[in-house]
Each structure stands twice: as C-alpha cells, then as structure tokens.
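Here's a quick briefing to read with the model open in your viewer.

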Amino acid sequence: LVTAKIMDKDSTACNPIWCGGDTICVQTGDILDRGDDELACLRLLASLSRQAAEKGGSLTILYGNHEAINCIGLFQYANPGGNVEFEVDIGKPIDDRMGSNRWRLQFAGNQPSRWAAMEPGGLLASAMLANMKVAVVVGRTVFVHAGLTSGHIRKYGGVVGMNREVKEWITKAHHGDNNDEGNYETVDDVLRAAQIRSKAASVTMPECLGGGSDAGASSPVWMRDYSNPNDGEPKGPYVQTMIDEALKELGGDVQRMVMGHTPQFRINAALKGKAWRVDVGASKGVMSGTPEVLEIIHGGEDEDDVVKILTMSGEAICSSERQVMSVANLL
C-alpha cells in the first residue's frame, strides 16, 4: 500500500492514513488464509476505503476463492494464528455479551468465531462482505480474482449482475434462525445442525463464486486458464481467443484483465498484454514474495493508458519489460 502511494509511510496497522487522493485502488482478493492477521488486514483496508471515498478516490476489495470458501464454513487453509485472532476479536466478546459460550454449539466445533463472522448473514456480512465485488471495470481495465470468460459475462448478467447476486446471497442467512441458546438434545443434533448450516450456504452460493455443480474450478474466482503457469505463457490452445472474446463481451473498450489467484515471481502480462497477473505471493502465508504494484494511468479519449509496475525500491518499470510470450509469438 505504501509502494502503491496510497498509504502514508508513517501509518500503523491501527491508524492507516490514506494519501492517494483520487486514486482508484483494486485489491484482487485472497486476504484470508494467508497468515495470523486477517481481521487486522480487513480493518486496515476498510479504514483506507472510507478515507479514500472522502478524498474522491476509492479502494475496492474483490472476492477471492479463499473468501468464498470461508463463507461456506470451509477453513482447511486457515492459519492457526488466524483462528486465534477470530477467537480473541470476535468469539470472546460474544461470550461476554451473551454470558455464555453455548452459541458455539451450533457450529459443532468448526471454528465457531470464524464461521459466525464469515457466513451469509453473519457478523461481517453487511458491514464488510456485502461491499466486496466479484469483478469491477475501471476505465479500460477489468479486475477479477481469477479470470472471466465471455460465457461468464453472458450467463451471470455481466459484472453488475455478478456483484448484485453475490451481495444478495451474502446478506441473507440461508440456514434460518440461529440457535444461540445451544438447545440440543444429542451430539447428533449438534452435528446435523452444523451440516444443515453449511449445506444451506453452499447450495445457494452463486456460481460466479464457485457454487453449483457446473461451476467450481471454472468460475471467476477459481479458473487458472490465464494465469497458469506462473511467469509463463498459458498453454491452452484457445486461451488467447478466450480472453479476446471476454474483453469484447465486456464492451466499453476494455483492453486488459487484471487478476491474482496464481502466485507469480513478479507482476507480468501474458496473452499479448491482455492478461496481467499481479499476485506475487507477498504474504508470509504464501511465499514471502517481494511486493509490487500494477499502476495504470488512464489516458484521455484519444490517448493510450500508461501501465507501469511499481517496486519497493521506488522503480517504475515500463509494461513492455514484463511481457511474457510463447515461442510462437516470438517467431
């Protein structure tokens, strides 16, 4: 965020200071399951987002696949320290407010504090998750966690349709009423209640987040067609056509797609400069990569955008230096 020139270098985790003016910043998802300070990261970004809006800028957070699976009670990738953070910041205050910890029973021991916060209709649903997006178009660029196809855009009602469906889903408690009193007669009743809770969220999850029997790995938060292999040209024979058709379907002179999901050793562009892969695995929970930022300066109506990569050392690297190409494209 400091490298992006949107957070003051004297900021702290508890007191971040937006210095980006009217800059538009998009974070491409997967904040969760990356370390011990997930809620701290969310708080910091939420604070910067509010400050940005006051200055005429914006900070948008996208759903990644890790946010999606957390929303349906799947926590196999969570760090133990991250679970402790949810316990301290969310679980213990609930215990104190209710004067009991029996509310935890309805989650059958599956990280009740994390689950209560992240599920549809949960504690963070309206305040945080409802403000996140699946994809967003800014000028001539579309941002998404993993990728978009023309089929996604048509089937899900475009970017607006995807974002609307996910917001409606995350703000509704699909499992019905909570049993905060923990009134269960048997252990089987507890387990059954947690299974119903999980299934209610997963079967109603929008396909654009990976829900539904036909979505999964091909959804906008899971696909890897444009980003794999890392730091190399995608191998699929029709991938160039896929991204060309997706950008055309979006309309509005959208020229490039920016995505995360698959960690790269450095920010790079593939598929004739149309697929920008920006996840450099910077967190310790991935590969402790060196942070970089993709900067896009929007040109006027008759001007090209200026795309650069900003580094921690203060460099602004020209986009032409980060193009990856197949042997066929070099011939």
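By about how many helical turns are Arg 192 and Asp 189 separated in helix α7? The answer is about one, because Arg 192 and Asp 189 sit three residues apart in that helix. What you're looking at is a predicted model, where local features need pLDDT of at least 70 and side-chain atom pairs count only at pLDDT 80 or more, while totals for chains, interfaces and linings use all residues. Residues are numbered from 1 along each chain as its sequence is written, and side-chain values use heavy atoms, with hydrogens and water left out.

**Salt bridges**

- The structure holds 16 salt bridges, each being a side-chain nitrogen of Lys or Arg within 4 Å of a carboxyl oxygen of Asp or Glu.
- As background, side chains of opposite charge can pair when their charged atoms come close.
- Arg 192 and Asp 189 make one of these bridges, with 2.9 Å between the closest N and O atoms.
- On accessibility, buried means under 20% relative accessible area, exposed over 50%, and partly exposed in between (1.4 Å probe, protein chains only).
- Arg 192 comes out as partly exposed at 44%, and Asp 189 is partly exposed too, at 25%.
- Glu 207 and Lys 155 bring their side chains together in another salt bridge, 2.9 Å from N to O.
- Glu 207 belongs to the loop between α7 (187-204) and α8 (239-250) while Lys 155 is in helix α5 (residues 150-155), so this pair ties together parts 52 residues apart in sequence.
- Helices and strands here are DSSP runs numbered from the N terminus: H or I with at least four residues for helices, E with at least two for strands.
- Glu 207 is partly exposed at 24% relative accessibility, whereas Lys 155 is exposed at 55%.

**A buried charged pair and its network**

- Arg 256 and Asp 305 also form a salt bridge, and their closest N and O atoms are 2.9 Å apart.
- Arg 256 is in strand β5 (residues 256-259) and Asp 305 is in the loop between β8 (292-297) and β9 (306-311), so the bridge links parts that are 49 residues apart in sequence.
- Arg 256 counts as buried at 7% relative accessibility, and so does Asp 305 at 11%.
- Through shared partners, salt bridges join Arg 140, Asp 253, Arg 256 and Asp 305 into one network.

**Second largest pocket**

- About 190 Å³ of space lies in this pocket, the volume being the space filled by probe spheres set on grid points that are joined across faces, edges and corners.
- For the method, a pocket is an open set of points on a 1 Å grid over the protein atoms alone, where a 1.4 Å probe fits, with protein on both sides within 12 Å along at least five of seven lines; lining residues have an atom within 4 Å of a point.
- The lining includes Leu 45, Ala 46, Ser 49 and Arg 50, along with Ala 127 and Met 128.
- α1 (38-54) and β2 (58-61) each give at least two lining residues, and α1 has the largest share, with four.
- By type, the lining splits into seven nonpolar, three polar and one charged, with Ala, Val, Leu, Ile, Met, Phe, Trp, Tyr, Cys and Pro as nonpolar, Asp, Glu, Lys and Arg as charged, and the others, Gly among them, as polar.

**α1 against α3**

- Two packed helices are described by the angle between their axes and the distance between the axes.
- The axes of α1 and helix α3 (residues 80-98) come within 8 Å and cross at roughly 65 degrees; axes are lines fitted to C-alpha atoms, for helices over the stretch in contact, and angles run from 0 to 180 degrees between N-to-C directions.
- On the α1 side, Glu 38, Leu 39, Ala 40 and Arg 43 meet Gly 82, Glu 85, Phe 86, Asp 89 and Ile 90 of α3.
- Sorted by type, the residues of this contact are four nonpolar, one polar and four charged.

**Individual residues**

- Thr 28, in the loop between β1 (24-27) and α1, is buried at 12%.
- Beyond its neighbours within four places in sequence, Thr 28 is in contact (heavy atoms within 4.5 Å) with Leu 62, Val 144, His 145, Gly 260 and Val 278.
- Ser 319 is in the loop between β10 (316-318) and α9 (327-330) and counts as buried at 18%.
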